[in-house]
Amino acid sequence: MIEALRVTSGIEQILLGIALLLLLSIIASKASGRLGVPALLVFLGLGMLAGSEGIGRIEFNDARLAQSLGVAALAFILFAGGLETNWIFVRRSVWRSASLSTIGVLLTAVIVAWFASAFLDFTPAEGFLLGAIVSSTDAAAVFSILRSRGVRLDEEVASTLELESGSNDPMAVFMTMAAIQILQTAELPMGMLAVAFVREMSFGAILGVAAGFLAVRMLNRVQLEYDGLYPVLTIAVVMLTYGLTNMAGGNGFLAVYLTGIVMGNRNFIQRRTLTRFHDGIAWLMQIAMFLTLGLLVYPSQLLPVAGVSLALAAALMLVARPVAVFLGLIGARLDLREKTFIAWVGLRGAVPIILATFPLLAAVPKSATIFNIVFFVVLTSVVIQGMSIPLVARWLHVDVAKVADRSPSLPALGSRSDSSLVTLEVRPESPAARRRIVELQDWPREAFILVIYRGNEFFVPTGATMLEPGDRLIVLTSKETVDRLRAIAGQLSPA
């Protein structure tokens with residue numbers, strides 16, 4: 001009986017296969033970092049090798065499952081990206097990034113649509129669908145290359161790219177759905193389209209920001225008995241935010257991204273632990289998503305569309321993206337070299353492939369051709385643009401000397417020449433008295449409380465630690481934050 005169950009269940013083989021693919025992806029990503037090859041390309045390649053036409057011979061053609069997995073993965077990836085976004089670092093780039101995420105994405109789609117209808121065998125509506133699908137960029141692959149090859153961008157350029165790539169997916173999703181509806185109904189009034197756009201973006205923004213503040217308040221008040229439940233709670237926050245926003249008619253992707261930004265720039269219990277946890281979840285989601293998309297494609301079907309795909313990729317990289325960037329950045333305080341680099345870093349990633357599954361499921365004409373073209377365009381973009389980013393950055397002189405990370409960890413701060421240890425005594429009348437550390441929203445992010453002396457005892461604090469009058473705090477901080485610390489606690493002296 002037991003042997004029969006073991007044979008028929010097949011769960012062992014499934015788990016073994018998943019484990020092997022994950023291990024191969026991790027090992028390959030380490031090698032890809034040294035070679036300057038985007039991890040995205042490695043994961044997609046492994047998926048194709050494991051697929052029905054590869055050595056793995058895994059039969060997989062469930063576009064709906066791939067789409068569902070991709071949507072869920074994108075929600076967690078965007079949340080993790082928002083969680084690690086330093087608002088102080090990117091706030092000066094908000095309007096530039098917003099312009100690229102809306103006007104830039106729209107211009108990209110329109111130019112690709114014109115090219116596809118004028119030079120390829122597509123109607124204007126089909127061309128717009130194709131343009132909408134490939135209109136958004138991928139940040140994860142770009143910055144993995146920059147970090148692995150030691151390229152450090154100027155703050156203005158880096159913040160613009162980071163915020164743009166994290167916020168342009170909602171626009172691409174909206175345009176793709178609108179294009180599918182146009183193809184299915186043959187009409188879609190512009191007024192209705194404008195109203196739908198405003199509703200989705202405004203609801204997504206409002207609900208995302210609200211969810212972020214509520215999540216921080218809940219994390220600081222709930223006081224769970226087990227630390228392991230806090231990651232589970234934040235997973236629920238991501239799913240609730242995405243699901244409720246979509247049900248309310250908003251854009252769930254924008255909502256979860258803004259929820260992450262709000263939470264990442266507030267103090268809450270186990271903030272560092274949860275940030276690392278969601279970084280790991282984001283990597284798991286990326287690997288699962290790229291492997292699944294690689295399994296979904298048939299390499300033999302890519303060859304017939306190779307010529308069309310290369311022509312479209314060239315139009316996208318050399319015409320559509322540059323025009324969108326230069327028009328979208330009119331008036332921005334960026335010089336020609338910086339705008340040119342931003343135009344080149346229009347790297348396409350997983351989002352276009354996921355969006356290409358939407359017309360497949362909607363049975364749109366030429367949907368299979370569109371999917372194969374999009375997959376080929378993504379591969380071309382990753383290989384040509386992705387691998388050339390470090391070279392182009394140095395050629396345009398937009399890379400700068402390596403500096404400390406903008407959100408320094410404790411070792412990074414400790415290596416700074418202007419950092420020092422100070423003793424901070426909590427006075428009864430100070431704002432910090434009788435408050436938990438996590439509630440000190442004015443506390444500088446560059447200041448780390450290492451030890452607290454209370455009477456004759458000392459201990460390492462956590463975010464939930466209540467500060468009492470008379471507590472002496474050993475703080476590692478930079479010199480420019482000393483006055484702010486004195487205002488919060490009341491008395492400061494060298495450690």
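**Figure 1. Strands β5 and β8 run antiparallel and are joined by five bridges.** The view comes from a predicted model. Strand β5 covers residues 448-454, and strand β8 covers residues 472-478. Phenylalanine 448 has leucine 476 of β8 as its bridge partner.

**Figure 2. Strand β8 is mostly covered.** Of the seven residues in this strand, six are buried. Leucine 476, the bridge partner of phenylalanine 448, belongs to β8.

**Figure 3. Serine 52 sits in the loop between α3 and α4.** Helix α3 spans residues 39-50 and helix α4 spans residues 63-83. The relative accessible area of serine 52 is 9%. Serine 52 counts as buried because this value is under 20%.

Figure 4. Serine 52 itself is part of the loop between α3 and α4.

**Figure 5. The whole protein, shown for orientation, has 21 helices and nine strands.** The protein contains 495 residues, of which 52% are buried. Among contacts between residues at least 6 apart in sequence, 80% join residues at least 24 apart.

Terms used: Residues are numbered from 1 along each chain as its sequence is written. This is a predicted model: local features need pLDDT of at least 70, side-chain atom pairs count only at pLDDT 80 or more; totals for chains, interfaces and linings use all residues. Side-chain values use heavy atoms; hydrogens and water are left out. Helices (H or I, at least four residues) and strands (E, at least two) are DSSP runs, numbered from the N terminus. Buried means under 20% relative accessible area, exposed over 50%, partly exposed in between (1.4 Å probe, protein chains only). Contact means heavy atoms within 4.5 Å. Two strands pair if DSSP finds at least two bridges between them.
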